[in-house]
Amino acid sequence: MKTKNILWLKEVSMENVPQVGGKNASLGEMYVSLMKRGVRVPNGFAITAQAYQKFLRVNELDKKIKEILRGLDVEKLSDLQKRGVAIRKAIVEASIPEDMAREISSAYKELSAQYGTGDTDVAVRSSATAEDLPGASFAGQQETYLNVVGEEELLESVKKCFASLFTDRAISYREDKGFSHLKTYLSVGVQKMVRSDKACSGVAFTLDPDTGFRGVVVINGSWGLGELVVQGEVIPDEFHVAKEPFRKGHPAIILKELGSKEKTLVYGDKERTELIATSLPRRNKFVLSDKEALQLADWCLKIEEHYEKPMDIEWAKDGAQNKLYVVQARPETVQVSKSAETLDDYEMEKTGRLVVKGAAIGTKIAEGPAKVIKSAKNIRRFNKGEVLVTRMTDPDWEPIMKIASAIVTDEGGRTSHAAIVSRELGIPCIVGTENATSRIKNGMRLTVDCSRGTEGLVWEGKTEWRKRTYKLKEFVKPKTKIMVNIGSPDEAYESSFLPASGVGLAREEFIIASRIKVHPMALLHPEKTDASVKSKIKKIIAGYKNGREFYVDKLAEGIAQIGTAFYPNEVIVRFSDFKTNEYAQLLGGKYFEPKEENPMIGWRGASRYYDPRFREAFGLECRAMKKVRDEFGLTNVTPMIPFCRTPEEGKKVIKAMEEFRLKRGENKLKVYAMAEIPSNVILADDFLKVFDGFSIGSNDLTQLTVGIDRDNTELAKIADERNEAVKISVAKVIEAARKNKKYVGICGQAPSDYEDFAAFLVERGIESISLNPDSVVKTSVAILKKEKQLKK
């Protein structure tokens with residue numbers, strides 16, 4: 001049978017990987033199978049791997065390449081670079097056989113005719129025969145050429161794609177993986193360009209690429225052609241869509257982060273593409289509407305369902321047609337290859353001086369001496385175990401990236417080359433620091449900390465940190481429900497892998513302090529602040545209609561991230577419990593907060609919610625909670641009222657919630673209260689007529705029972721949660737809840753710190769114990785032991 005030089009996408013499926021490579025095979029698979037399900041894919045054709053082999057053979061390049069690579073030592077970077085240049089030069093200077101060139105030109109004319117133009121613009125992409133297959137990742141190794149117009153440009157671009165099979169990184173990668181250089185072939189995809197230069201483009205993953213959490217679709221996007229996002233040269237907008245609620249009909253965009261998007265890649269006048277600065281109005285605007293983000297999420301889920309595995313997808317919006325397209329899809333290869341049987345937990349115990357911060361890639365911690373290298377020409381100076389500090393990386397840096405202890409870059413986002421490769425290598429990386437190369441000096445002792453969620457921190461000097469490895473396969477859950485306390489939403493996806501049955505405490509304060517940063521009343525009434533505060537607020541809420549919408553959306557997103565991470569298990573979210581001095585620290589806060597002698601027992605918690613001075617702000621919290629439960633469909637989220645001093649106060653809060661359309665019992669809404677004041681213990685039966693259950697706050701309950709300021713380290717030695725008076729109070733709360741058939745759990749610090757206190761709770765019959773993430777496994781084992789003793 002005659003081997004074909006050209007195959008149209010309609011002729012291609014995943015069975016054709018040997019002929020067209022993984023990338024083109026996937027395009028054909030989508031074109032044939034998913035277009036009918038509404039997924040839009042631009043048409044095109046593939047120049048086959050057999051055509052590539054013929055090209056090498058006719059020009060006797062196979063023999064030449066074999067000779068050039070004889071005796072290669074990839075550890076000698078200068079040798080690798082010299083041989084790579086020689087091979088690429090030989091390929092580009094060779095001629096495409098006449099019959100093959102005619103076929104390519106004919107197919108190009110046919111594609112142009114389909115789109116009603118003389119010479120249409122196309123994207124020319126490389127697709128290696130081992131590329132994008134599970135277990136192998138060739139991200140960034142081969143070239144892509146955009147806005148290619150005319151037969152001559154097309155043929156030249158095809159040769160350049162052939163040559164890119166021998167980039168330095170590609171050669172090094174094949175050597176490491178044991179792939180044969182002459183048995184790895186290249187197909188070239190020729191696809192109608194999507195005019196994203198007039199709109200936007202980006203990438204999407206059907207899992208969180210940093211933690212491997214599979215409950216979300218993560219979409220990144222920026223203005224213009226997609227190469228800047230794929231190569232990570234811009235910090236893009238980011239959208240997270242919760243899968244399960246979305247499948248049930250809820251438009252659950254649970255996270256929207258506005259990226260800086262400083263550069264835009266467009267069609268050029270002299271060159272095929274041109275890099276321009278993004279205007280400020282565009283930088284402050286999301287590239288996708290909510291409707292478009294949800295349409296992409298729908299397509300991503302259809303693609304994932306078809307392939308039956310997590311996927312890495314590239315998309316583009318045509319500005320001329322105002323339509324979205326999928327231009328690539330391949331299996332995600334990094335997170336799916338990780339073992340689900342163990343869980344590594346990293347934690348900083350003692351920090352040094354903070355040098356820079358940026359976006360964390362991965363969840364690990366590593367240390368080493370800094371090596372600042374600003375040009376790939378100088379990579380031979382790098383030594384194994386050093387922390388690589390640079391502006392940004394590309395495939396030329398790969399040989400030293402694999403021997404780095406960690407990577408820190410000035411530029412780039414979560415889809416940058418540095419991010420992709422560091423995930424693949426399993427080393428911590430912090431991107432987009434803006435000034436690492438100027439702030440960090442050669443030889444500085446650095447600790448690169450990616451253990452705190454999405455924010456990465458670089459510390460200088462002596463630090464202390466630890467790594468724990470949990471064997472999840474061997475773990476047996478106790479009968480007592482074990483839940484987890486979550487601080488920042490950034491920790492939620494990673495913590496979802498813990499053997500916990502939901503969240504016993506998520507604090508709104510973390511979301512407000514880290515993501516909103518402005519006092520809610522200052523957002524509602526900026527006119528009551530000064531010019532400086534108003535100016536800062538305007539910058540913070542860029543991309544949003546007003547401060548009110550910004551607060552509701554950001555708070556809802558933070559709650560929803562935690563709710564999604566543990567869905568469908570219960571997630572208990574405590575309404576805001578800042579004290580007046582803490583609220584005053586938020587931007588604009590000083591204009592709305594009184595000065596109190598003792599804020600710890602002052603205007604906090606429930607007493608604020610119905611007070612005319614704060615009631616309007618509490619309404620925003622209620623709106624955010626309603627959005628999470630009703631719009632996003634996360635009915636596993638349960639609100640909780642802190643520091644409620646009397647049952648009458650509880651009734652006022654419930655009434656205020658109803659006035660803000662958050663009604664107890666509606667859509668299965670339960671409302672819990674913190675049991676953290678002696679009055680909650682003494683009047684437990686009365687409180688339980690108002691609320692659906694209690695969560696014991698052992699920190700405040702201890703200080704108010706024994707009269708010790710919990711922030712006073714000198715007095716702390718007098719008594720802690722194990723004091724008999726505190727234990728009697730805790731036992732009474734548990735007893736009252738069981739008698740009234742209401743929920744009772746504990747979310748305070750005590751069971752995380754003291755295993756004997758956790759055992760006491762089990763003895764008393766508590767329903768759930770919520771622990772800090774680093775205590776879940778250790779304390780669960782102690783609880784399991786206690787349960788076995790009680791059975792005897």
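This tour moves through a predicted model, from a helix pair to its salt bridges and then to a barrel.

**Stop 1: helix 1 and helix 11**

Select residues 17-33, which form helix 1. Now show side chains at the contact. From helix 1, pick Ser 26, Glu 29, Met 30 and Ser 33. They meet Ile 303, His 306 and Tyr 307 of helix 11. Colour this contact by class: 3 residues are nonpolar, 3 are polar and 1 is charged.

**Stop 2**

**Stop 3**

Select Asp 290 and Lys 256. This salt bridge spans 3.0 Å, N to O. Lys 256 lies in strand 9 (residues 253-257) and Asp 290 in helix 11, so the pair ties together parts 34 residues apart in sequence. The two partners fall into separate accessibility classes: Lys 256 is buried at 14%, whereas Asp 290 is partly exposed at 37%.

Next, select a group. Arg 37, Lys 243, Glu 244, Arg 247, Glu 304 and Glu 305 belong to one network, joined by salt bridges that share partners. Across the whole structure, a search finds 57 salt bridges.

**Stop 3: Arg 423 and Asp 210**

Move to helix 13, residues 417-425. Its Arg 423 forms a salt bridge with Asp 210, at 2.8 Å from N to O. Asp 210 is in the loop between strand 6 (200-205) and strand 7 (216-223), and the pair links parts of the chain 213 residues apart.

Helix 13 lies across strand 15 (353-361), strand 18 and strand 19. It runs at about 170° to strand 19.

**Stop 4: the barrel**

Show the strands in the order 15-19-18-17-16-20-21. These 7 strands make a closed barrel with mixed pairing. The twist averages 35° from one strand to the next.

Start with strand 18 (residues 406-409) and strand 19 (residues 429-431). They pair in the parallel sense over 2 bridges. Ile 407 stands opposite Cys 429 of strand 19.

Then select strand 16, residues 365-372. It is mostly covered, with 6 of its 8 residues buried. How does strand 16 pair with strand 17, and how with strand 20? With strand 17 (residues 387-390) the pairing is parallel, over 3 bridges. Lys 371 stands opposite Leu 388 there. With strand 20 (residues 445-449) strand 16 runs antiparallel, joined by 5 bridges. Finish on Glu 367, whose bridge partner in strand 20 is Thr 447.

Conventions. Residues are numbered from 1 along each chain as its sequence is written. This is a predicted model: local features need pLDDT of at least 70, side-chain atom pairs count only at pLDDT 80 or more; totals for chains, interfaces and linings use all residues. Side-chain values use heavy atoms; hydrogens and water are left out. A salt bridge is a side-chain nitrogen of Lys or Arg within 4 Å of a carboxyl oxygen of Asp or Glu. Helices (H or I, at least four residues) and strands (E, at least two) are DSSP runs, numbered from the N terminus. Buried means under 20% relative accessible area, exposed over 50%, partly exposed in between (1.4 Å probe, protein chains only). Two strands pair if DSSP finds at least two bridges between them. Contact means heavy atoms within 4.5 Å. Ala, Val, Leu, Ile, Met, Phe, Trp, Tyr, Cys and Pro count as nonpolar, Asp, Glu, Lys and Arg as charged, and the others, Gly among them, as polar. Axes are lines fitted to C-alpha atoms, for helices over the stretch in contact, and angles run from 0 to 180 degrees between N-to-C directions.
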